[in-house]
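Dear colleague,

Please find the structure below, together with some notes that are meant to be read with the model open beside them.

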Amino acid sequence: MNAAVALYSAVDDELTHYDVDVEQATLARRGSIKVPSYVQYAWPHPSRKYLYVTTSNRGPGLKADVNHVSAYRIDAASGALTTHGDPKPLPHRAVHMCLDAAGSFTLNAHNLPKSGITVHRIESDGRIGSEVKQREVLDYGIYPHQVRMTPSGRTTILIDRGNSAEHGKSEDPGALRSFAFDRGVFSKPAVVAPNGGYGFGPRHVDFHPSRPWLYISDERRSQLYMFRMPNDRIEPEAAFTCDTLADRKNIKPRQLAGTIHVHPNGRFVYVANRADSTVDLNGKKVFGGGENSIAVYAIDSDTGEPTLIQHADTHSFHVRTFAFDPSGRLMVTASIKPLAIREGSDVKAVPAALSVFRLGTDGKLEFVRKYDVDTAAGRTHYWMGIVGRG
């Protein structure tokens with residue numbers, strides 16, 4: 001077992017550590033810890049010595065009045081997590097978080113009941129320090145869904161998904177908001193919103209490792225965009241747009257694009273397609289159809305254009321997060337919940353799962369195996385990530 005690679009998987013307020021054997025494509029569960037509330041997202045320190053976790057009690061019937069960001073030390077030998085300093089309170093639930101490239105600040109993105117970004121200093125020993133107060137009131141948009149630092153460390157991008165028109169309410173437009181970042185303090189944002197943001201629903205972004213190219217998943221339209229980003233300035237229109245779905249003519253309710261990651265070698269980009277709508281079958285709710293897959297694209301090395309090369313079945317439903325091992329030879333996807341399916345005249349429950357894939361040199365995914373994840377009593381498998389330790 002290669003103990004130098006750890007996978008962390010969160011079900012509500014329980015954070016579980018697995019060892020990852022890249023050669024054998026296996027996971028071995030090692031232990032779990034409790035965190036202050038339900039895990040929303042997490043991000044490793046560049047040193048790989050610490051994991052920063054944002055938590056909230058937001059959920060059905062809850063008021064999101066317990067919100068924190070916490071630091072955990074990663075044991076260099078075992079990968080086990082231990083509390084590292086006191087949790088820091090957040091004003092609202094954070095839907096996403098990240099660190100700057102230097103590991104000097106945590107950034108937490110909020111969307112309800114108020115949009116914003118909360119910044120905390122990271123002390124030299126890895127503990128979370130004081131909050132960095134902003135000098136002026138800034139426009140953070142309508143419904144942020146991700147915050148990322150550009151590779152240069154000079155710019156923060158807040159991904160504002162907007163909201164689809166529904167229940168008699170008109171559409172909220174989406175946008176990309178770029179803030180100059182100076183020691184935790186933001187400038188007024190530059191805003192990119194094609195067509196005024198209408199028909200534009202960005203959820204997550206990722207960066208090419210060596211070229212000024214930004215790849216974006218559009219949750220509401222199930223599309224992939226590539227924007228050029230010279231000198232951290234996002235161009236006003238996408239250079240390329242692709243479908244993420246295999247069969248758009250057969251689209252089902254609650255069909256959503258999700259997480260996006262560029263491969264470490266910069267030759268491929270991957271987007272999650274998620275579906276979990278249900279229909280009634282003899283009084284039972286069963287999967288109503290849709291695409292649960294990872295869409296795989298080859299990236300043109302000269303232009304950055306993505307070309308679809310595969311739709312890989314995730315063997316589960318509603319993959320919210322997925323990750324590569326540091327070598328880029330393995331991918332693990334994490335589905336958030338179980339779902340019943342029709343199997344002949346019977347109904348079969350498919351558990352939430354961690355699905356393991358090998359990545360070929362051609363970028364394509366080969367399913368190897370999956371591990372069921374216990375989400376009994378209505379719990380949710382909300383986040384998963386992989387951290388290499390050197």
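Y225 counts as buried, with a relative accessibility of 5%, where buried means under 20% relative accessible area, exposed over 50% and partly exposed in between, using a 1.4 Å probe and protein chains only. F200 is likewise buried, at 3%. This is a predicted model, in which local features need pLDDT of at least 70 and side-chain atom pairs count only at pLDDT 80 or more, while totals for chains, interfaces and linings use all residues. Residues are numbered from 1 along each chain as its sequence is written, and side-chain values use heavy atoms, with hydrogens and water left out.

The whole structure holds 13 aromatic pairs, a pair being two rings of Phe, Tyr or Trp (its six-membered ring) whose centres lie within 6.5 Å, called stacked if the planes are under 30 degrees apart, edge-to-face if over 60 and tilted for the rest. One of them joins F200 and Y225 in a tilted arrangement, 5.5 Å centre to centre with 35° between the planes. Y225 also pairs with F227, edge-to-face, at 6.3 Å centre to centre and 85° between the planes, and both Y225 and F227 are buried.

A238 touches Y225, M226 and F227, not counting residues up to four places away in sequence, where contact means heavy atoms within 4.5 Å. A238 itself is partly exposed, with a relative accessible area of 27%, and its C-alpha atom is separated by 8.2 Å from that of P194, 44 residues apart along the chain.

With kind regards
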